[in-house]
Amino acid sequence: MKEKIAIFTDLKSEIPFNNIITYFNIYINPEIEKLDDFNEIKIIILDYTNEKDCYSIGKRIRFLRPEIPILIISKIINPFSYNEIREFGGFGMIKLFKWNKDYPEKLLEELNMMRHPEYPSGKTDIAVIIPVYNEESRINFVADFVIELKKFLELAFLNTRIYFVNDGSKDNTEILIREISNKINTNSETIFDKFVFNAKELEQNTRKAGTYIEGIKSIEADILLFVDADNSFFIEDISLMINIIRKGYYDIVAGTKDLTAEKRPLIRKILSFGKRTLTKNMLPKGVYDSQTGLKAIKASSAKFILPYLSRSRGLAIDLELMYYAKKLNFRVLQLPVKCIDRDGSHVDVIKDSLSYLKNIYLIIKDSKNKWKNR
């Protein structure tokens with residue numbers, strides 16, 4: 001049975017409470033004195049742009065339920081003074097929360113910690129980041145992969161979150177991804193379910209580069225795992241990569257499908273061989289393939305690499321990341337992984353190969369200034 005919370009709001013922040021808070025039965029702007037089961041409410045959320053309105057409602061609530069926890073939502077860090085919070089009255093917990101529409105799961109984390117402080121905090125150990133672009137024609141592969149991934153992570157790892165980063169799609173990818181996310185979140189039964197799905201949309205297509213940069217810059221976790229969305233990789237290999245990173249011997253584990261991919265066209269095998277030959281001296285020792293879309297990275301290491309990455313790098317963002325991992329002396333393991341090349345790839349073999357050649361030159365050229373000014 002779902003617990004109950006009440007939300008008092010002026011609606012100006014436009015927070016989609018019904019979509020985010022799926023683990024509770026929620027009441028929005030109820031009449032306090034006429035709420036029959038007011039004593040069953042577990043948490044109060046106050047969401048007002050005018051702090052006087054917030055103070056007034058909070059005081060009325062605390063008069064009736066002095067012990068009830070209150071979460072105050074704001075766009076700034078500390079909108080209330082100590083004295084104002086004290087004058088709410090009562091003795092229940094009062095917390096301030098800064099709302100960020102791009103990462104709504106943080107609101108759910110805060111509610112989790114308020115309602116069940118005996119459970120682990122909302123700290124994310126593993127963030128699975130899935131770049132997507134114009135996936136409408138193969139959304140069934142995306143959905144199958146995410147459902148399988150959720151089941152696996154639910155059994156094997158705690159405090160894991162899955163993030164979609166939409167790379168400026170021009171079809172209905174954004175709508176379909178949110179439908180998948182909402183369906184899986186809605187089917188979860190408890191607020192301390194280990195999973196929160198978040199869909200972040202970039203304004204323009206960056207040919208993958210922006211999805212990596214957004215993930216490293218904005219997502220807080222110990223381990224960042226980047227994986228293609230089309231269900232081309234196997235859960236066993238994803239598990240192995242996470243476990244290797246958690247052992248502490250490597251900063252990055254980069255998968256390679258060059259010698260294992262099933263159903264791979266001959267032209268792509270030839271081009272992959274050419275890329276490996278051209279970039280051999282740019283990669284860390286023992287690494288020969290930078291382009292496979294499956295990588296696990298310690299977040300602390302990724303933060304060091306982030307300033308050197310460029311959104312204009314396109315599909316060569318993997319190469320740039322590995323190039324600076326070498327220059328920064330990070331420990332990198334190349335791990336052969338099984339893979340099925342799916343139909344519907346967005347890679348233009350000729351055009352993207354020419355762009356890749358250009359970016360090899362630009363990465364080396366730009367690094368001279370970036371490295372000099374570090």
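Modeller: In this predicted model, the contact between helices α9 and α12 brings together I267, R268, L271, K275, L278 and T279 from α9 with V349, S353, Y356, L357 and I360 from α12. Sorted by class, the residues of this contact are seven nonpolar, two polar and two charged. Helix α9 covers residues 266-279 and helix α12 covers residues 349-372. Their axes lie 12 Å apart, and the packing angle is about 0°. Because angles under 35 degrees count as roughly parallel, α9 is described as roughly parallel to α12.

Two residues of this contact, L278 and L357, also belong to a nonpolar patch on the surface. Helix α12 supplies the largest share of the patch, with three residues.

Charged pairs may be considered next. Side chains of opposite charge can pair when their charged atoms come close. The structure contains 16 salt bridges. One of them joins K4 and E40, whose closest N and O atoms are 2.9 Å apart. K4 is in strand β1 (residues 3-9), whereas E40 is in the loop between β2 (24-28) and β3 (41-47), so this pair ties together parts that are 36 residues apart in sequence.

Key
Residues are numbered from 1 along each chain as its sequence is written. This is a predicted model: local features need pLDDT of at least 70, side-chain atom pairs count only at pLDDT 80 or more; totals for chains, interfaces and linings use all residues. Side-chain values use heavy atoms; hydrogens and water are left out. Axes are lines fitted to C-alpha atoms, for helices over the stretch in contact, and angles run from 0 to 180 degrees between N-to-C directions. Helices (H or I, at least four residues) and strands (E, at least two) are DSSP runs, numbered from the N terminus. Angles under 35 degrees count as roughly parallel, over 145 as roughly antiparallel, 65 to 115 as roughly perpendicular and the rest as oblique. Contact means heavy atoms within 4.5 Å. Ala, Val, Leu, Ile, Met, Phe, Trp, Tyr, Cys and Pro count as nonpolar, Asp, Glu, Lys and Arg as charged, and the others, Gly among them, as polar. Patches are made of residues with over 30% relative accessible area and no salt bridge: like charges are joined within 9 Å, nonpolar side chains (Val, Leu, Ile, Met, Phe, Trp, Tyr) within 5 Å. Accessible areas come from the Shrake-Rupley method with a 1.4 Å probe; for residues, only the protein chains shown count as cover. A salt bridge is a side-chain nitrogen of Lys or Arg within 4 Å of a carboxyl oxygen of Asp or Glu.
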